[in-house]
Each structure stands twice: as structure tokens, then as C-alpha cells.
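Here are some notes to go with your first look at the aromatic rings. Have the structure open while you read.

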Amino acid sequence: MDPVLEFLEAWLKDTYIHHLMNENQWAWPVSESLHFMGLSLLFGIVALYDLRLLGFLKRLPMDALHRLIPWGVLGYCINLMSGMTFLAGRPDQYIHNPSFQIKLLFMTGAGINVAVFYLMTYGLVKEMGSGMEAPVRARIAGAVSLACWTGVIVCGRLLTFFRPPAFYWCFWC
Amino acid sequence: MLSVWVRESESLLAFPAIIALHAIGMGLLVGANIAMDLRVLGFAPRIPLSVLDALFPVMTIGFWVNAASGLLLLLAYPAKALTNPLFYAKLTLIALALVAARTIWKRMRGSRETVGKPVASKLKLLAGFSLAMWGAAIVAGRFLAYTYTYLSAYDL
């Protein structure tokens, strides 16, 4: 096994969160509840903006709708933190889980897409109101975002079915 | 037949795909409803209240995806859900959230001028209620997996 991952797993198993997640019977469902609320915030709000970029929901002004994006970011932060509690709680179930690794890939894809969007495309749609059509470049960003976040959710839900030791997998080993 | 397939099929298209769809439908329904509630509470004030019904198709798709996937999950493990009081609490919370969304929209449709005008505090209260009901429904849904007494009718 990869020494870096071995170290990471040993370190996670030594954290306070690890003990909390395993010793309190309600810690796991509480974290999951937060994770699903964050999912609704992140996916719901971002999907609306993506759909608007793609040409749906045209009656919503694009610029005004963008003001809700910080709430999607809040959902992302909630999920990053609640997600970490799962990882710390059962690191062995996640690190070599193919579904978890593909989930991280989708998250990376969504991250690159959003960075490219704000650096190169956002300026084109920033001032757009209702009824206006986003240019092709923005539509592509919307489609990629929608696909990546859907992939993140699907992989997240499939995690349970690809647990080590039955499944033990990584790109580098 | 359908029940056995959902429960026992090894295919990723059975149980795993259905719970994945249930999460995506939730994201669409609850997320779009959160967007409506946030606007009513005064965030993103430049979205006219009168166009918020544009969110309804998204919410409707989310609702039916989840009604269908939820029904399949219920068929797969009927005893697990039906013997857990939390299941009925979840359904009640969802019903209350849907009634709140409907009421908010009915009240808003009447108001002509909508940009920048403060929303009635009664309506804001309803939006807060809607957020609380969805949050509670999610908690109930997650705790269902941890609080059941019987997984199948054979255990009764």
C-alpha cells in the first residue's frame, strides 16, 4: 500500500472526529443529514444557474439569479466539512473505494470548470437579464457543471456498493 | 416481482440507481424551493417575484422523480418503512413543505409590482417555515436508515 495513504489513514484514525463518528451512534446520521441539506443547496442552486445558462428558465434574469450562487457555495462548504467527518470516521472505506475516487475526479472537473468559467466566460453573461441567450461558451460551462455535479451525487450514493476490501482500487497502485 | 428486483438484483440499475435518482430529485425539488424561499426572504432582490413560477417545472420534475423512486424503495422494503413512525413523519413534513410552496406562490401571484418591494412579513414567515420543513424532512429521511426495527416482513 501507498505509504502516503497509509500515513493519512493512520492519522485520520487518531483524530477526535474519528472517535466521535464511531462512538456516538447519532453522529453518522447527523452528518449525513447535513450532507444532504448541503447537497440540496449546492446542487439545487447551481443547477438552476446551469439550466439558465443552457437556455432554460429564460424568464429568470441571469444576473439576478447569480446573486444566489453564494448559497450554493455555502452548500459546498457544508458538504466539504460533513464529508470530512465521514472520511475521518471510516477512512478504510473511502480511500481505496473506486466510487469515492471517481467522485473526487468529478469534483475536480467541476472545480476546473468553474475556474475557467469565471476567468474566461462570466464577463459575457454578467449583465444579462431575462430572456437573453447565453453564448455557446457559457452553455458548455453550464452543461459541464450539471454533468459533474450529477456525477458527484451518483458516485456519492454508489460509495456503499464499492467498499473495500471487496473493492480495492486506485489509479496509482 | 418489482419489489424483488429492486431488493435483490445485483445490477447497479436496480437499488443503487434508484437511491441515486432519489438524491438528484431531492436536490432539484428542495434546491429550487430553497431558491424561491431565499428570494421571498429578500435575497437576490432583483429577481421579480412574478417570475418565480419559472422554478415550478424544476420542482415538479424533482417531485415526480422522487415520488417514483420513493415508491420503488417502499416496494423493495415495505416493512422497513411502514413500521417506522419516522416514515410517516417524513411524509407529513413533505406534505407541509409542498403546501407552504403552493401558498407562497398563490400569495405572490397577486402582487403586480415585485422588484425591490419588500415582501409581507407573513410571507417571509411562510418561506422560513418551508425551509424548516424541508430540513426536517431530510433529517427524517436520513434517520430512517438508522432507526428501523424490521428490515423485512419476515422479521415481524
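1. First, some housekeeping. This is a predicted model, where local features need pLDDT of at least 70, side-chain atom pairs count only at pLDDT 80 or more, and totals for chains, interfaces and linings use all residues. Residues are numbered from 1 along each chain as its sequence is written, chains are lettered from A and ligands numbered from 1 in the order written, and side-chain values use heavy atoms, without hydrogens and water.

2. Rings of Phe, Tyr and Trp (its six-membered ring) pair if their centres lie within 6.5 Å; planes under 30 degrees apart are stacked, over 60 edge-to-face, and the rest tilted. That rule gives 15 aromatic pairs over all chains. Take Phe117(A) and Tyr118(A): their planes are at 75 degrees, with centres 5.1 Å apart, so call this pair edge-to-face. Phe117(A) also pairs with Tyr122(A), and this pair is tilted because the planes are at 55 degrees, with the centres 5.9 Å apart.

3. Now burial (buried is under 20% relative accessible area, exposed over 50%, partly exposed in between; 1.4 Å probe, protein chains only). Phe117(A) is buried at 5%, and Tyr122(A) is buried at 17%. Tyr118(A), at 36%, is partly exposed.

4. Finally, a charge sits over a ring if NZ of Lys or CZ of Arg is within 6 Å of the ring centre and within 35 degrees of the ring normal. Arg142(B) has its charged end over the ring of Phe36(A), 4.7 Å from the centre. For Lys80(B), the ring is that of Tyr77(B), with the charged end 5.5 Å from its centre.
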